[in-house]
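Please read the following briefing beside the sequence and the model. It covers the domains, the salt bridges and a few individual residues.

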Amino acid sequence: MKDASLAIDVGATKVSVGLVARDGEVIVKKEISSKVSSQDELNDSLAAVIAEICHRDGVNIFGAGIGSAGPIDNVAGTINPVNISHWQDFSLVDFVRSVSGIQFVRIIGDASALAYAEFMLGAGRGATNLLGVVVSTGIGGGAVLNGKFHIGRTGNAGFIGHIVVAQGGDLCECGQRGCVEAYASGTNMAKDFGVDGFEEVAEAARIGNLRAIASVEKGAAFMALGLLNAVALMDLDTIVVGGGVMSADDVYWPILQKHFEKEMSALNFPGTVALKKATLGKDSGLVGAGLVGFTQGRERG
Ligand SMILES: [Zn+2]
């Protein structure tokens, strides 16, 4: 028998469900679309895939972990993912408990899940004070402080996309003005260039399109400002960056590094802060969710 945790990763357009071993191995993984016509349809397909996955021979399921697009409420166990209209104020923790029969179900933010997975098994191994950042459709983050996973009061610590870096700046999806996300998300870098997705910006930048490069420069500069603020606030030693934009890291990474180094040179803290690429790939959120499913009886944050 192999120890496993039921892992659920709620993204913008799909929900991944899997079993994750203690060493981070994804034993099985299935995906369902969240772009369906009703809450019943979404809940039925999630219940079916959970039942299928939990009735697998040779595994001993310890608990369940959920990583969800934010904001979440980890006390109430509810989610409010911006892109899934059927799951507003939805009690996903209770739902998973009732359909799986698993009593220990813990929920964290999707970016916290990436941060936790990278801290335990990926680019953040050995770090003591780490921020994991997801640069994608939106921007999320999660923190490890003094070697412990730090989720905050409601589970949203590290919500770096919505710290304000431009007073009275551009309007953000969240309703606030001047957030990091309003400039630095893949979506908003694409919007600045006048296209739909970041991959199109990256392609244009690769062939030397100066407007495309300027859009990436602008986004990365605001991202670096957000990272500077995080370092100043938490005295970090490591930042790990993942998310969809990093699939064009040949374009994005050198530009982000340049702006980060520029910002950091003005901060007179001793020592350097390591800026690293996430190494666990597209399953990192699922793996992180799975790992928190093993944390019953341990510190809760
Ligand atoms: Zn915002």
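Helices (H or I, at least four residues) and strands (E, at least two) are DSSP runs, numbered from the N terminus. This is a predicted model, in which local features need pLDDT of at least 70 and side-chain atom pairs count only at pLDDT 80 or more, while totals for chains, interfaces and linings use all residues. Residues are numbered from 1 along each chain as its sequence is written, and side-chain values use heavy atoms, with hydrogens and water left out.

**Domains and their interface**

- The domain assignment of the protein, with bounds that come from an automatic or database domain assignment, gives domain 1 as 2-109 + 283-292 and domain 2 as 123-279.
- Taken over C-alpha atoms, the centres of domain 1 and domain 2 are separated by 26 Å, and the contact (heavy atoms within 4.5 Å) takes ten residues from domain 1 and seven residues from domain 2.
- About 630 Å² is buried between domain 1 and domain 2, with 57% of it on carbon and sulfur atoms; buried area is the accessible area (1.4 Å probe) that two parts lose on being put together, summed over both.
- Two residue pairs are in polar contact across the interface of domain 1 and domain 2, both at pLDDT 80 or more; a polar contact is a pair of N or O atoms within 3.5 Å, where within protein one must be able to donate a hydrogen and the other to accept it, and residues adjacent in sequence count only if both atoms are side-chain atoms.
- On the side of domain 1 that touches domain 2, the elements that give two or more residues are β5 (72-73) and β7 (105-109), and the largest share, three residues, comes from β7.
- The residues of that side of domain 1 divide into six nonpolar, two polar and two charged, where Ala, Val, Leu, Ile, Met, Phe, Trp, Tyr, Cys and Pro count as nonpolar, Asp, Glu, Lys and Arg as charged, and the others, Gly among them, as polar.

**Salt bridges**

- A search of the whole structure finds twelve salt bridges, each defined as a side-chain nitrogen of Lys or Arg within 4 Å of a carboxyl oxygen of Asp or Glu, whereas the count between domain 1 and domain 2 is zero.
- Glutamate 25 and lysine 2 meet through their side chains in a salt bridge (2.5 Å, N to O), and this pair links distant parts of the chain, 23 residues apart, with glutamate 25 in the loop between β2 (14-21) and β3 (26-33) and lysine 2 in strand β1 (residues 2-10).
- Glutamate 25 counts as partly exposed at 34% relative accessibility, and lysine 2 is partly exposed with a relative accessible area of 34%; in these terms, buried means under 20% relative accessible area, exposed over 50%, and partly exposed in between (1.4 Å probe, protein chains only).
- A salt bridge also joins the side chains of glutamate 31 and lysine 14 (3.7 Å, N to O), with glutamate 31 in strand β3 and lysine 14 in strand β2, 17 residues apart.
- Glutamate 31 is partly exposed, with a relative accessible area of 43%, and lysine 14 is partly exposed at 37%.
- Lys14 and Glu31 also belong, together with Lys29 and Asp283, to a network of linked salt bridges.
- The side chains of lysine 277 and aspartate 249 meet in a salt bridge (3.1 Å, N to O); lysine 277 lies in strand β12 (residues 274-277) and aspartate 249 in helix α8 (residues 249-265), so the pair ties together parts that are 28 residues apart in sequence.
- Lysine 277 is partly exposed, with a relative accessible area of 35%, and aspartate 249 is partly exposed, with a relative accessible area of 24%.

**A buried serine**

- Serine 185 is found in the loop between α4 (181-184) and α5 (186-193), where serine 185 is buried, with a relative accessible area of 0%.
- The side chain of serine 185 reaches the backbone oxygen of glutamate 181 at 3.3 Å.
- Leaving aside neighbours within four places in sequence, serine 185 is in contact with Ser136, Thr137, Gly138, Ile139 and Val180.

**Positive phi outside glycine**

- Aspartate 89, which is not a glycine, has a positive phi of about 55°; aspartate 89 lies in the loop between β6 (78-79) and α2 (92-100) and counts as exposed at 56% relative accessibility.
- Asparagine 146, a residue other than glycine, has a positive phi near 50°; the place of asparagine 146 is in the loop between β9 (139-145) and β10 (148-150), and asparagine 146 counts as exposed at 65% relative accessibility.
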